[in-house]
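Subject: Structure handover

Hello,

Here is the structure I promised. Please open it alongside this note, and my findings follow below.

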Amino acid sequence: MAATKTTTIAITGASGKLGGATLSALLARNLAPPPSIVALTSAAPGSPKWEALAARGVAVRHASFDDPGSFDAALAGVDRLFLVSTPHIARDFDRFDSGGWDEVPDGEGREAHHRVAIDAAARAGVAHLYYSSLAFAWAAGPAQRSQAGVMRAHLRTEAYLARAPPPLRVTVLREGLYNESWPLYLGYFAADGRDGRGEVRLAADGPICWTAIADLGLASALVLTAPGDEYAGRTLYLSTRPAGAKSVAEIAALVGEARGGEVKVRTVGRAEHERHYVEDRGMPAPAVRWWASTYEALAAGECAVNDLNLERLLAGVGVKPTPVEECVRAMVGKQ
């Protein structure tokens, strides 16, 4: 289906980071007329978020992952749906009982929310669903296994989409790790100057092909509006490439340069990582345990993505990817 003026595109999380960046790109680049764009939000009509979206000239509809019926109504007449993964990560945390830690059963993590939208899209007759996954599990192409707990809900959602009934077409976008998220990877570092650590302990480290949110929004918008079925049935990585990759230790060095004092990473293994952030830094154990596995995935090279799609899409509109160095300097320089 060509992206014409009659094609209706809906975006979940349209006031969030990736959803908002995609909406901005659609409008700024005139990729779709505003009346043909449906911004989906869990906000109530008349709320500040609702009014801010409406002010952009797009249609605004209420859709809540906790209310499947709201998605049925919100997707009426929609041709293409960009399903941005939900930020409710606590649903994915391992659970502790008398027998120890257990992985959240399939269907009870964030994938449960995603399935609400997928099922509603199939019922509403949406022609093409695009899902924002995450750029882990690279192994000379998209693998179906990852050491990272953060990837679990994405892989479960991808597997569910693979079983989606026709005529619903599916495209999976494994979006690069945000440039702007470096503080999370650097031991929950505070970029505003409140963090005095000169050494950050991490379970492990490895190269990351960091990617700016604005670049991801633009690339996603270009895929959403591409004519025909060029991307149907495909899993794409939208990420910068290994030549510009930076490990978390290299990000720490950039932070130190920007703030005028050394910051370095010390890899300590997963057990010590978990002990340190729970006992020494007072963080909740389920969150720390879930996130610690991220570093094992980095060490395995899962985020050393060598895929041309992002560069090709951006080059087509005269844009180059934003280096992570610029983002680090800007964020640290705001203090």
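Which residues of α12 are buried? They are V324, E325, C327, V328 and V332. Their arc around the axis is only 160 degrees, so they sit on the same side of α12. Those buried residues pack against α6, β12 (246-247) and α8.

Before going further, a word on confidence. This is a predicted model. The mean pLDDT of the protein chain is 95. Of its residues, 98% reach 70 or more. Residues 1-5 are the place for care: pLDDT stays under 50 there. The model has 19 contacts beyond four places in sequence for that stretch. Where pLDDT is low, the predicted coordinates should not be read in detail.

The cores

In soluble globular proteins, nonpolar side chains tend to be buried together. Here the largest nonpolar core has 46 residues. F136, W182, L186 and V255 touch the most other members. Several elements give two or more residues to this core: α6 (182-185), β9 (199-202), α8 (248-259), α10 (285-299) and α12 (324-333). The most come from α10, which gives seven.

Take V255 as a way in. Beyond its neighbours within four places in sequence, V255 is in contact with W182, L186, F189, V263, V328 and V332. V328 and V332 are also among the buried residues of α12.

There is a second, separate core of 34 residues. Its members include A14, L26, I37 and V60.

Cysteines

How many disulfides are there? The count comes to zero. C303 is in no disulfide, as the nearest cysteine sulfur, that of C209, is 8.0 Å away. C303 counts as buried, at 2% relative accessibility. C327 is in no disulfide either; its nearest cysteine sulfur is also that of C209, 16 Å away. C327 is buried, with a relative accessible area of 10%. For comparison, the cut-off for a disulfide is a pair of cysteine sulfur atoms within 2.5 Å.

Aromatic rings

The structure holds ten aromatic pairs. Two are worth a look.

F65 and F71 form a tilted pair. Their centres are 5.0 Å apart, with 40 degrees between the planes. Both F65 and F71 are buried.

W138 and Y237 form the other pair. Their ring centres are 5.0 Å apart and their planes are at 85 degrees, so this pair is edge-to-face. The pair links distant parts of the chain, 99 residues apart. W138 is in the loop between β7 (128-134) and α5 (152-162), while Y237 is in strand β11 (residues 235-238). Both W138 and Y237 are buried.

There is also a cluster. Ring pairs link F93, Y185, W210, W290, W291 and Y295 into it.

T12 is in the loop between β1 (9-11) and α1 (17-28). T12 is buried, with a relative accessible area of 2%. Not counting residues up to four places away in sequence, T12 touches G19, L40, F71, L81, F82, L83 and V84. F71 is the residue that forms the tilted pair with F65.

Next, A203. Where does A203 lie? A203 is in the loop between β9 and β10 (207-208). At 9% relative accessibility, A203 counts as buried. The C-alpha atoms of A203 and E296 are 7.2 Å apart, although the two residues are 93 residues apart along the chain. Not counting residues up to four places away in sequence, A203 touches T267, V268, G269, R270, H273, A292 and Y295. Y295 also belongs to the ring cluster.

Last, N309. N309 is in helix α11 (residues 309-315). N309 counts as buried too, at 9% relative accessibility. Leaving aside neighbours within four places in sequence, N309 is in contact with R234, L236, Y237 and L238. Y237 is the ring that pairs with W138. N309 and R241 are 68 residues apart in sequence. From C-alpha to C-alpha, N309 and R241 are 9.9 Å apart in space.

Best wishes

Technical notes: Residues are numbered from 1 along each chain as its sequence is written. This is a predicted model: local features need pLDDT of at least 70, side-chain atom pairs count only at pLDDT 80 or more; totals for chains, interfaces and linings use all residues. Side-chain values use heavy atoms; hydrogens and water are left out. Buried means under 20% relative accessible area, exposed over 50%, partly exposed in between (1.4 Å probe, protein chains only). A nonpolar core is a set of buried Ala, Val, Leu, Ile, Met, Phe, Trp, Tyr and Cys residues joined through side-chain atoms within 4.5 Å. Helices (H or I, at least four residues) and strands (E, at least two) are DSSP runs, numbered from the N terminus. Contact means heavy atoms within 4.5 Å. The arc is that of the directions from the helix axis to the C-beta atoms. Rings of Phe, Tyr and Trp (its six-membered ring) pair if their centres lie within 6.5 Å; planes under 30 degrees apart count as stacked, over 60 as edge-to-face and the rest as tilted. pLDDT is the predictor's confidence in each residue, from 0 to 100.
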